[in-house]
Structures are given as structure tokens and as C-alpha cells.
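I opened the model and kept notes as I went. The entries follow.

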Amino acid sequence: MALTRNTVVMAIFFLILIQELGIYNGNEHMVAANKIDCDGKCKNRCRKAGRYKMCIRACNSCCKRCNCVPPGTSGNTHFCPCYATLTTHGGKLKCP
């Protein structure tokens, strides 16, 4: 009886693990296909920034979390709501 219960628990655990990792249906390729070019988008976004390196660092961080960067060099945050709502520990907007 104990072996059967342990076997069922382990089987459920592995099914959940496989589903979370996305191994069963090849989702790792779909995730990679949906990622945008953060470096290129952030270079365009920060090209006129006074503190270019800091802008690039913040933009890349935001882009990797949100998988989007608003068009233009400033504003247009309504195109990417996630990007527009990220804040620093101090409560200031993080993304340029």
C-alpha cells in the first residue's frame, strides 16, 4: 500500500514538473521565438539620453522583464504597460 501511494505521489510530482518546464510540447522554442531584440530596441530608445549607459542598463532590465520597449526616445509608454509601471526601490519609475 505504501509503495503504491509513493508511486502515485512521485508520478504526480513528475507530471507537474514536466508541465512547468514545458518539456512535453516543445515550448522552449516558442518562448525563444517570442523574445524581442532588447539591445537594439534599447539603443534606439536611449540614443538621445544624457546618461546613455545608465539608460541602456535600465532599459535592458525593463525589456527583459516585460519583453517590450515603447517606440521613440521617450514617452509612448502606453504601448507597453508593464514597462511603464516598473519602479525602483525608492518608488520612482525605473524604465526610461
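I started at N60, which sits in helix α4 (residues 52–66). Helices here are DSSP runs of H or I with at least four residues, strands are runs of E with at least two, and both are numbered from the N terminus. I am working on a predicted model, where local features need pLDDT of at least 70, side-chain atom pairs count only at pLDDT 80 or more, and totals for chains, interfaces and linings use all residues. Residues are numbered from 1 along each chain as its sequence is written, and side-chain values use heavy atoms, with hydrogens and water left out.

Is N60 buried or exposed? N60 is buried, because its relative accessible area is 13%. Buried means under 20% relative accessible area, exposed over 50%, partly exposed in between (1.4 Å probe, protein chains only). I then listed the contacts of N60, leaving aside neighbours within four places in sequence: C38, D39 and C42. Contact means heavy atoms within 4.5 Å.

Next I searched the whole structure for disulfides and found 6. The criterion is a pair of cysteine sulfur atoms within 2.5 Å.

C42 is bonded to C59, with an S to S distance of 2.1 Å. The pair links distant parts of the chain, 17 residues apart: C42 belongs to helix α3 (residues 38–46) and C59 to helix α4. The torsion about this S-S bond is -80°, left-handed. C42 is buried at 0%. C59 is buried at 0% as well.

C66 and C82 form another disulfide, sulfur atoms 2.1 Å apart. C66 is in helix α4 and C82 in helix α5 (residues 81–85), so this pair ties together parts 16 residues apart in sequence. This link is left-handed because its S-S torsion is about -70°. C66 is buried at 14%, whereas C82 is partly exposed at 33%.

I also checked C68 and C80, joined at 1.7 Å S to S. Both lie in the loop between α4 and α5, 12 residues apart. The torsion is 45°, right-handed. C68 and C80 are buried.

What is the pairing, numbering the bonded cysteines in sequence order? I noted 1-7, 2-5, 3-4, 6-12, 8-11, 9-10.

**Surface patch**

Last, I looked at I16, in helix α1 (residues 2–21). I16 counts as partly exposed because its relative accessibility is 48%. V8, I12 and I16 make up a nonpolar surface patch with about 260 Å² of accessible area together.

Notes
Patch = residues over 30% accessible without salt bridge, like charges linked within 9 Å, V, L, I, M, F, W, Y side chains within 5 Å. Areas by Shrake-Rupley, 256 points an atom, 1.4 Å probe, with all protein chains shown as cover. Salt bridge = Lys/Arg side-chain N within 4 Å of Asp/Glu carboxyl O.
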